[in-house]
Amino acid sequence: MEVSFPTDSDGFLSQECPSCEQQFKVVFGEGSEEPISCCPYCGYTGRDCWYTQAQVDYMQGVAVDVVLAPELKKLEREIKQSSGGLFGLSTDIPKPPASPIEADGDFTLLHFPCCNETVKVEKHQKHFCIICGMEIRMEETEAKKVFLSHKGVDKDLVKDFKQTLELLGYDPWLDEDAMPAGTALERGILQGMKDSCGAVFFITSSFKDEGFLETEINYAIQEKREKGDRFAIITLQFVEDGQNGEIPGLLKPYVWKTPETRLEALREIVRALPVFPGVVDWREDITGVVTTPAAKSKSTELSDEAKTILKSAATGDGRIMHVRYMGGEDIQCGGQQMITDRDPRAVARWVGGLEDLQRRRFIRDLGHKGEVFKVTREGYEAADDISDDWVAK
Ligand SMILES: [Zn+2]
Ligand SMILES: [Zn+2]
């Protein structure tokens, strides 16, 4: 027997850890071919134990309906026949439950390169690969800044690099930008290194006394030891007017380059960093092309009708009425009629919008057989994202 579940708008299905009871989402039939073996939150290991309670209930309900119901019906007939109609068996089989709703929710998309597996999770400090169980510390995953270390007199040169790296999508930072003076300075440098995936040392001819950068170099070396291939030490020796700076002794165990031009220096940085810049794609305002997003969208856009219903309800009393009457139906928010076009297609779009809002848990059925709905907390948040002058076409 096969039971299928609806997925969220990105094709993900909820799963739940039997140990910590937290939910995550996966796509079946994509990524790793191995089964889920590890909870992404607590690291609990197990097989075939990841269905949510709602999914288990649904599967049991379907099983009763498919397997048990016909058997009972048969039994009922047999008893009736063999007793000549004297005895009956009343079979009261519960109707199969509705399949669980898969809301989009507020999840973060994570890809585990170790097993080529993509999951949706609520972001925590650390996560485990759901296939191989490898522990990932998010703090290190997010440490993608680039520390630009230099002497004060070289600030113009370094700023030039900073602006170009930013344009390429990197997150470079100069020690002086963000840091107070004095003892807090060292703490600032240390934190900066921790948030970075590499440190670039600009050694120019003005660079003679290595003592000046000693703290930064020491911290960078410490990061390199801790992070391994997730941190790069990049030393660039610039030659100006035949003059060049001295490579500090502490940096000598690491590779340094002597680029002839600034562009060559930039190439060295981009090549050496463990993170790579953005994929080349069309800008948003260019027409006549399609773009290829790197990841699936977090949630699909609401339809115009759904937006209008949600916005009207959220600015009104938070209630939505779905009224059915002879020869038609209407959706009303704050006494206002939403469906003005009686064309069946238009009506279907409005009702579809209402159903979509319910699926995303932006509105909740108040228990009047799908006639009255109330905007939920998530619904109000979503409504805030819709601009105030939003008008449906
Ligand atoms: Zn768990
Ligand atoms: Zn893995």
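The buried residues of helix α3 in this predicted model pack against β7 (145–149), β8 (171–174), β9 (196–203) and α7 (262–272), contact being taken as C-beta atoms, placed from the backbone, within 7 Å. Helices (H or I, at least four residues) and strands (E, at least two) are DSSP runs numbered from the N terminus. The buried residues are Val158, Phe161 and Leu165, where buried denotes 20 or more other C-beta atoms within 10 Å of the residue's own and exposed denotes 12 or fewer. Because they cover an arc of only 60° around the axis, they lie on the same side of α3; the arc is that of the directions from the helix axis to the C-beta atoms. Asp156, Gln163 and Leu167 are exposed on the other side of α3.

Gly169, with a positive phi near 105°, follows α3.

Helices α8 (residues 304–315) and α10 (residues 377–385) pack at about 105° with axes 9 Å apart, the axes being lines fitted to C-alpha atoms over the stretch in contact and the angles running from 0 to 180 degrees between N-to-C directions. The pair is therefore roughly perpendicular (65 to 115 degrees). Leu310, Lys311 and Ala314 of α8 meet Gly379, Tyr380, Ala382 and Ala383 of α10.

Residues are numbered from 1 along each chain as its sequence is written, with chains lettered from A and ligands numbered from 1 in the order written. Local features need pLDDT of at least 70 and side-chain atom pairs count only at pLDDT 80 or more, whereas totals for chains, interfaces and linings use all residues.

Note on methods
Contact = placed C-beta atoms within 7 Å. Parallel < 35°, antiparallel > 145°, perpendicular 65-115°, else oblique.
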